[in-house]
Amino acid sequence: MKISVLTLFPEFINSLRNYSIVGRAIKDNIVELEVIDIRDFAINKYLQVDDYPFGGGPGMLMQVSPIVQAIESCKSQKAKVYFLSAHGKTLNQDKLKELKNEEHIILLNGHYEGIDARVIDNYVDEEISIGDFVLTGGEIGSMVLIDGVTRLLDGSLSSEESYTDESFYNGLLEYPQYTRPRDFKGLKVPDILLSGDHEKIRKYRLKESLRITLKKRPDLLEKKELNNEEKILLKEIREEEENGYN
């Protein structure tokens with residue numbers, strides 16, 4: 001996969017080249033990261049890329065010409081352009097799974113008070129948001145998207161299990177996990193995890209995944225189509241809660 005990022009702050013995005021799984025995936029040629037400085041397409045020697053909005057209003061808008069030229073400089077035939085914007089649909093795991101199948105994605109990052117609407121209307125395929133809040137620019141959102149999609153690409157992680165058990169991948173929050181020591185100031189690791197019985201451990205983890213999802217994100221359960229095992233375990237959890245299970 002190729003990811004092209006259009007930004008006014010290339011050094012910010014380039015920091016990903018040395019960051020954990022993303023950095024390793026770039027070095028292993030699993031993902032190609034191209035960072036393009038929109039100022040390279042500025043309209044004058046002062047590297048101006050913004051101007052006052054027609055009709056008045058606070059702040060400055062990024063101009064149409066530098067952005068369009070930046071898009072055209074990198075857009076391949078199969079590329080899709082995504083604008084990180086509060087107007088977009090909220091990014092979630094399903095969207096990341098969809099994006100990982102793209103051959104080339106272009107991430108456009110706005111700044112100031114936004115960008116000229118003609119870019120959005122004519123050159124952007126889709127707007128994506130990372131949440132209902134406002135950030136200074138789109139770069140942090142792009143980095144979130146890049147991290148999320150890269151870890152889904154074949155070869156990025158040690159095994160498929162590394163991400164299929166994580167929160168949201170199967171519609172549930174991830175089960176609690178523990179490591180040494182077994183006993184920390186009286187706080188003990190659940191005995192079943194030390195039993196060596198893989199089937200009991202699998203069932204325990206599924207049940208705890210359902211339990212924590214019910215407690216923290218019940219809305220996820222409303223959307224998920226539960227299989228028979230999950231229905232039985234969820235029923236057990238509800239009964240345990242009624243009887244004061246902690």
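A residue is called buried when its relative accessible area is under 20%, exposed when over 50%, and partly exposed in between (1.4 Å probe, protein chains only). The model is predicted: local features need pLDDT of at least 70, side-chain atom pairs count only at pLDDT 80 or more, and totals for chains, interfaces and linings use all residues. Residues are numbered from 1 along each chain as its sequence is written, and side-chain values use heavy atoms, with hydrogens and water left out.

Helices (H or I, at least four residues) and strands (E, at least two) are DSSP runs, numbered from the N terminus. Helix 8 covers residues 198–216. Its expected span is 1.5 Å times one less than its number of residues. For 19 residues this gives 27 Å, and the end C-alpha atoms are 27 Å apart, so the two values agree. Buried residues of helix 8 include I201, Y204, L206 and K207. Their cover includes helix 9 (218–223) and helix 10 (228–242). At the N-terminal end, D197 caps helix 8. A side-chain oxygen of D197 lies 3.3 Å from the backbone nitrogen of E199.

The largest nonpolar core has 25 residues. Such a core is a set of buried Ala, Val, Leu, Ile, Met, Phe, Trp, Tyr and Cys residues joined through side-chain atoms within 4.5 Å. I3, L33, L107, L145 and I146 have the most contacts inside the largest core. Helix 6 gives the largest share, four residues. Apart from this core lies another, of 20 residues, among them L6, I67, F83 and V119. Contact means heavy atoms within 4.5 Å. Not counting residues up to four places away in sequence, I3 touches V31, E32, L33, E34, I105, L107, I146 and V149.

S4 is found in strand 1 (residues 2–7). S4 counts as buried because its relative accessible area is 0%. Its side chain makes a polar contact with the side chain of H104 (2.9 Å). A polar contact is a pair of N or O atoms within 3.5 Å; within protein, one must be able to donate a hydrogen and the other to accept it, and residues adjacent in sequence count only if both atoms are side-chain atoms.

The UniProt annotation "binding site", from an unreviewed entry, covers G110, I130, G131, D132, F133, V134 and L135. G131 lies in the loop between strand 7 (126–129) and helix 6 (139–150). G131 is buried, at 11% relative accessibility. L135 lies in the loop between strand 7 and helix 6. L135 is partly exposed, at 36%.

Conventions: UniProt positions renumbered as here; feature names shortened; annotations may be inferred.
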